[in-house]
Structures are given as structure tokens and as C-alpha cells.
Amino acid sequence: MSAILPPSERLWWKHPLDRVEGTWIVIALVWCLIMFAMMVGWHIYGKQNLSTETYKTTPELFMKKAQAVVDKYTVRTETDANIPVIAPPAGSDVYMIARLWNFWPIIEFEKGKSYRLHLTSLDYNHGFSLQPANINIQIVPGYEHVITVTPNQSGTYSVVCNEYCGINHHTMVGRIYVK
Amino acid sequence: MSNTTTYRTCPRSGLQFEAQAEKLMLVNAVVAVVFLLLGGILAIGVVLTRWPAVHWLEADTFYQVLTAHGIDMLIFWIIFFEVAVLYFCSSTLLRCRLATPRFAWLAFALMLVGGIMNNVAVFQGGSSVMMTSYVPMMASPWFYLGLILFAVGALIACFVFLGTLVIAKRDKTYQGSVPLVTFGAIVACIIAVFTITSGAIILIPTFFLSIGLIQHVDPLIYRTIWWAFGHSSQQINVAVHISIWYAIAAIVFNAKPMSERVSRGAFLLYILFLQLASAHHLLADPGVSTAWKVVNTSYFMYFAVLASMIHGLTIPGAIEVAQRQKGYTNGLFEWLRKAPWGNPVFSGMFISLIGFGFLGGISGVMMGTEQLNMIIHNTIYVPGHFHATVVVGTTLSFMALTYFLIPVLFKREMIAPGLARLQPYLFGFSMYFFCLVMMGAGTLGVSRRHWDMAFNGAVQAYEWPGAAYLMMGLVGISGVAAIAGGAIYIYVTVGSLLWGKRLDPGKQSATLTPIPPTPASTVVVQSYGSAGFAAPGTFVLAMVFLVAFVLYYFINWKYLSTVWGLS
């Protein structure tokens with residue numbers, strides 16, 4: 001008579017379905033299908049979909065491309081570490097390096113313009129956590145992830161590393177300005 | 001072999017324990033509780049460091065403690081206890097001897113050695129790689145070897161369980177189908193075999209990497225396969241703790257599943273679709289296609305979510321039907337009001353079920369939605385979610401089951417029954433709050449696995465909003481309360497085992513008594529309840545759940561629509 005005893009009828013798959021269960025299964029199934037459609041639909045109508053454009057890369061290769069962009073578009077440097085601030089033109093390819101324990105360089109975007117942001121890590125896994133917008137993307141070494149970003153608000157943004165990467169993980173914060 | 005063992009019939013529960021199985025359940029459960037104690041002590045360090053006003057441990061100690069806390073709780077405490085549950089669901093519920101007890105002891109020894117080895121590696125330092133141990137960050141070889149030995153032991157235990165099912169079938173100890181709870185345990189075991197195999201596929205090469213035998217393990221491949229182990233192991237927990245909920249409903253209320261077909265069908269959906277969920281750890285990763293993400297993270301159109309929503313209805317539904325048959329038929333909720341809230345076996349189970357559904361289930365679907373994941377990935381929302389599933393869901397269910405097992409399996413009278421009565425409420429509700437404030441802080445973006453939210457020493461620190469600090473303070477306070485609840489559980493369990501009054505073990509017999517055939521049910525459940533519904537109160541609760549789910553789902557989409565455009 002209970003769940004810890006064998007069922008009285010030998011063929012459990014022939015047990016009758018209670019009405020309350022049947023109703024709930026239909027409601028739950030409809031909701032599940034709505035949620036599924038929502039994910040697919042957002043790819044068609046939504047504006048926030050994570051790109052899957054990815055290339056294999058190496059630290060040397062990526063560093064070279066990032067350096068070229070920095071050489072071309074640096075407008076000033078900031079902090080005692082003289083971190084370059086780059087202001088690339090809209091639509092261009094921008095490279096951001098994650099490594100123990102900083103992001104490089106600092107980037108200046110223009111509001112409403114789109115940029116192709118390339119992300120990779122030179123060592124461990126890192127996290128790209130854009131605050132306060134709260135956009136979070138994994139950065140995996142060996143893989144160059146290209147994301148088209150369109151900032152919708154101006155201000156000063158921080159890029160917090162939110163994948164544990166060692167003892168100074170908490171000091172790994174980068175910056176993006178949106179004008 | 002079958003002639004050398006004895007069978008004990010517990011006078012308090014009528015359950016029949018085979019001698020070898022009983023010893024093995026006992027040692028596995030006791031070692032599980034020891035790991036819970038260890039994990040609980042470590043939790044103090046984690047909580048008091050993440051509480052910004054306290055910020056107790058140094059960074060290196062914090063990451064070490066966090067690594068050990070994760071592994072001791074998520075792997076060692078839970079899987080040791082699960083092995084005990086597997087033996088219970090096979091040998092005890094089917095009333096047969098345990099298959100190959102020597103292998104079961106070998107499994108236990110391997111798991112114990114592996115568990116200790118892994119802990120020693122972490123506490124020696126140099127292995128603070130978190131539970132996930134993503135390459136190329138490397139731990140000491142002993143770290144991986146410990147996990148591998150543990151996994152081999154757990155795999156052997158799974159096969160002992162399967163062998164025991166064969167023995168029960170051969171010895172005809174039951175007629176017809178296995179009980180629903182055993183069915184759930186079989187599902188857990190099948191998932192476990194898949195899980196452990198995935199773990200072996202990735203941890204063995206990583207072990208080779210750590211001793212220099214191979215030069216490279218691809219970080220993205222590692223993440224993909226590791227999560228087939230890391231997430232699927234949580235799916236074992238789901239199958240096990242849902243089986244425990246059914247078992248407790250049966251033990252406390254003599255509740256019969258509303259429909260065996262529905263409950264077992266839902267378990268079968270778990271086998272087919274639950275594993276796909278490991279994909280939702282890769283939603284923010286490069287290199288994985290959109291179609292792959294969408295199909296997998298939705299557990300193939302949310303069929304596994306459907307299964308959980310079904311269990312969430314049928315378990316309280318079965319209790320409601322049983323209570324209504326006892327005469328608690330007034331209104332929608334008399335059956336629930338008159339439930340034995342002072343019995344920690346029931347209260348623990350019910351607090352677990354509600355928390356798992358409302359907090360763990362809903363938040364899990366949010367994180368597992370491809371686009372919504374971007375506002376949640378690696379924030380402290382994630383531990384908020386999995387403390388609702390693994391602590392409120394799994395751990396609290398195990399605690400509730402322990403209160404039943406103390407007199408039945410340990411043969412001891414429970415010490416401090418008053419404390420035990422309080423425990424599920426203190427632990428459960430402080431965990432509810434703990435999870436909620438973590439999710440709150442995560443919604444504001446606060447990172448998980450992060451030593452210092454003030455970014456001390458960073459060249460260009462970020463200033464979190466005041467609300468984030470407030471939430472993290474509340475995480476600290478509720479975390480301490482939950483740890484106190486956990487301490488009561490350990491005190492009651494260990495204390496009962498050491499000092500509890502010995503109870504009559506019951507009749508010993510050299511032969512087993514098969515389970516008598518279950519009489520055909522005569523009552524049609526529809527004759528109770530109202531409006532043709534056998535369980536109207538449960539249905540109302542389910543609708544409340546659905547409304548909360550739908551609202552929160554669309555609130556998150558609204559939030560997502562305000563962030564930067566991404567394509």
C-alpha cells in the first residue's frame with residue numbers, strides 16, 4: 001500500500017492516472033514548452049544573445065593582435081602601471097586580455113555603437129563580469145571568443161574576474177569606459 | 001554465503017535488516033556524518049570570511065577551506081550517505097541479503113582512503129583549486145588520485161546494489177515490481193554509473209597531467225566532461241532525495257503513491273534527460289554552439305523539469321490523500337495543518353520539498369536558461385541556487401531520514417528529542433534565508449569564490465552597491481544560524497549513537513521472510529477530496545508554485561533586456 005512496498009498491481013504502467021495529476025502534467029508541460037520557445041524566440045527577437053564565434057588561439061598570437069590594436073588606438077594611460085586606454089572606432093575588433101591578475105588594456109566605447117570584443121586568457125580560466133551591468137562570460141585559455149557588444153548606457157564599468165584564478169583573484173579588476 | 005548471514009526484524013518498523021547490509025549501512029552513514037561535521041566546521045570559515053564585516057580568514061586559507069568545504073559536502077558526505085541509502089533500498093526494502101559483502105567493504109575502504117587522501121592533499125596546501133579543479137590550474141597528484149579512488153569505490157558500491165537486486169529477484173523475496181522507492185534508487189544508481197564514468201574519463205588524464213605523464217589537457221574539453229561528472233552527481237542526489245521523500249511519506253503517513261505510473265514515469269524522464277543539464281555550466285563558454293546549448297540546457301525541452309514538477313505534486317498529493325482517508329477532510333488544508341509537524345522526520349522532509357521546489361528548482365531553471373545565464377554565471381547566485389538544491393533538498397532529506405534510522409537502524413533511543421524537533425526548522429529556514437540573500441547578492445553581480453568584495457589591493461577597484469554589502473552580511477548571519485542547525489543534527493545523531501538508550505534489536509533469524517504480496521487496493525482515491533480532485537490542497541499549492549515560477553521567470557527576462565546588447 002505504500003511507496004516502500006511493491007505495488008499491488010503487477011503492471012505499474014497500467015495504473016490509472018488521477019485527475020489532479022493529469023491536469024498538472026498538462027499545465028506543467030505547456031509551461032515547459034513556453035520556456036523552451038522563449039529561449040529560441042529570444043535568438044530571433046531578443047537583443048542579448050551570447051555569440052558563439054570562437055577561434056583557437058595561443059598567448060603569443062593573441063598578444064600580438066592585442067598589441068597592434070593598443071599601438072593604433074591608445075589615447076592615454078591610466079594608473080601608476082600606465083595601463084593604456086584605447087578608443088577604437090565603432091565596428092572594429094577590440095582585444096581584451098585576461099591574465100594573472102589583470103585585464104589589459106582599458107577600453108573606451110561609445111554608447112550605442114557596436115564593437116567586436118575578443119576575449120581570451122593567457123593562463124588559467126578567468127571570468128568577464130561587467131559591473132554594474134552584470135554581464136558574465138567565461139574566459140577559457142586557448143580559445144578566442146568574439147562577442148559583439150553594444151553599450152546602452154554611458155558611464156564607468158568595471159570588469160571583475162569572477163572565476164577563481166589563485167591567490168590574488170580578488171585584485172583582478174579591469175575597466176571599460178562608455179562615452 | 002547466503003547461509004552464513006542472519007536477518008533481524010526491527011520491532012519498531014517491521015523492516016528486515018540483513019546483518020552484513022546493516023553493518024555496511026551503519027559504517028557508511030557514520031562516515032558520511034563525520035564528513036558533514038568536517039564540512040560544517042569548514043563552512044564556519046567560508047561564511048565568516050564572506051561576511052564583509054568579519055572577513056576572518058586570510059586569502060590562501062579561505063580558498064583552501066572553500067575547496068575542502070565543497071568537496072567534503074558535495075562529494076564525501078552525500079555519496080557516503082547515498083551508498084547507505086542504496087543498500088537500504090535494495091537489501092532492506094527487498095528483504096534479501098546484500099550481494100558480495102566483501103566487495104561492499106572494499107568499496108567502503110576505497111572511498112574512505114580516497115576521501116582522506118583528497119582532504120590531506122587540500123590541507124597540505126597547493127591544491128586550493130576548488131571542487132571544479134579546472135585545468136590548467138593544477139593540484140597535487142594526491143588530490144586527483146583521492147577522487148579517483150573514491151569514485152572507483154562508489155562505482156563498486158553501485159554494482160553491489162545492482163547485484164542485490166538480482167539476488168532479490170532470484171530468491172523471489174517480493175512479487176511483481178520493486179517498490180517505488182527502490183525504483184527511484186535504481187534510477188539514482190544508473191545516473192551514478194554514468195556520472196562516475198564521466199569523472200574517470202576526465203580525472204584520470206588530469207591525474208596523468210599532474211604527474212607529468214601527459215603534457216596537455218584541453219581546458220574546454222575538461223570543463224565539458226568535468227561537468228558531466230560534477231552536475232550529474234547532483235542529479236544522483238535529486239533521484240535519491242526524491243526517493244527519500246516518497247519513503248518518508250510512506251513511513252509517516254502510510255501514503256500510497258497517487259499513481260505508480262506517473263511517479264515511475266517521472267523517474268524514467270530523469271534517466272533520459274537529467275544528465276543533459278550539465279550543459280548549463282557551459283552556457284557562458286566559448287566554442288559551444290547555440291543549438292547544443294539550447295537543447296541540452298533545457299534538458300531536451302524541459303522534460304526533466306517536468307519530471308520534478310510531477311514529483312513535487314505527487315508527493316504532497318499522496319500525503320494529502322492519506323490524510324484525507326484518515327478523516328482530515330475539512331477545507332483545502334486541514335490535512336497539512338494536522339500533519340505531525342513535531343516529528344522531525346516529517347517536518348524535515350516537507351521543509352526540504354518546499355525549499356527545493358521554490359528556491360532550488362525555480363532558480364535552477366533561471367540559471368539554466370541560455371540567455372538569462374549571462375546575468376547569473378559565476379555570481380554568488382550560483383551557490384545560492386545549489387545550497388537550495390543540495391543543502392535544503394538533499395542534506396535536509398538525509399537529516400530527516402536519519403531521525404527515522406536512529407531507532408530503526410542504530411537501535412538507539414534518540415537523545416534530546418526536543419532539540420531534534422527544532423532542528424529541521426532552524427536548519428531549513430536559516431538555509432532558505434541564506435539562499436535567498438545569496439541570490440539577491442548574485443543578482444547585484446557579486447562574484448562567487450571571491451575572497452574580498454572590497455578588492456583590497458586592486459589597481460582600479462570596483463565599488464559594490466551598499467545593498468550588496470547588506471546582502472552579504474545577511475549571508476553571514478543566516479549562514480551561522482544554519483551551521484548551528486547542522487551542529488544540532490550532528491550532536492543528536494552522534495550523541496544517540498554513543499549515549500542513546502539501547503533498544504530491543506528484535507528477532508534474529510537465519511532465514512529471510514519474504515515480503516507478503518501487497519493486497520489489491522480497494523479504494524478509488526477520487527472518492528476523497530472535492531471537485532473530483534483527490535488532492536485539491538496540493539493542487540492549489542502547485543498553482544502557487546507555478547505563479548511564482550512564471551512571474552520570476554519573466555522578471556529575469558525583463559532584467560536581461562536592460563543590459564548591453566550582445567550578439
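## Where two helices of chain B meet

In this predicted model, helix α1(B) touches helix α3(B) through Gln20(B), Leu24(B), Val27(B), Asn28(B), Val31(B) and Phe35(B). On the α3(B) side, the residues they meet are Pro101(B), Ala104(B), Phe108(B), Leu112(B) and Gly115(B). Sorted by class, this contact between α1(B) and α3(B) holds eight nonpolar and three polar residues, with no charged ones.

Two packed helices are described by the angle between their axes and the distance between the axes. Here, helix α1 spans residues 19–50 of chain B, and helix α3 covers residues 101–123 of chain B. The axes of α1(B) and α3(B) come within 10 Å and cross at roughly 10°. Angles under 35 degrees count as roughly parallel, so α1(B) is roughly parallel to α3(B).

Let's turn to the strands. Chain B has an open sheet of three strands in the order β2-β1-β3, with antiparallel pairing. Strands β2 (16–18) and β3 (507–509) of chain B are at the edges with a single partner strand each, so one side of each has no neighbour in the sheet. Neighbouring strands of this sheet are turned against each other by 25° on average, direction ignored.

Strand β1 (residues 7–9) of chain B pairs with β3(B) in the antiparallel sense over three bridges.

## A seven-stranded sheet in chain A

Chain A has its own open sheet, built from seven strands in the order β2-β3-β6-β12-β11-β8-β9, and its pairing is mixed. Which strands stand at the edges? They are β2 (74–78) and β9 (135–139) of chain A, each of which pairs on one side only. From one strand to the next, the twist averages 25°.

Within this sheet, strand β11 (residues 155–160) and strand β12 (residues 173–178) of chain A run antiparallel and are joined by six bridges.

Definitions and conventions:
Residues are numbered from 1 along each chain as its sequence is written. Chains are lettered from A and ligands numbered from 1 in the order in which they are written. This is a predicted model: local features need pLDDT of at least 70, side-chain atom pairs count only at pLDDT 80 or more; totals for chains, interfaces and linings use all residues. Two strands pair if DSSP finds at least two bridges between them. Helices (H or I, at least four residues) and strands (E, at least two) are DSSP runs, numbered from the N terminus. Axes are lines fitted to C-alpha atoms, for helices over the stretch in contact, and angles run from 0 to 180 degrees between N-to-C directions. Two residues are in contact if their C-beta atoms, placed from the backbone, lie within 7 Å. Angles under 35 degrees count as roughly parallel, over 145 as roughly antiparallel, 65 to 115 as roughly perpendicular and the rest as oblique. Ala, Val, Leu, Ile, Met, Phe, Trp, Tyr, Cys and Pro count as nonpolar, Asp, Glu, Lys and Arg as charged, and the others, Gly among them, as polar.
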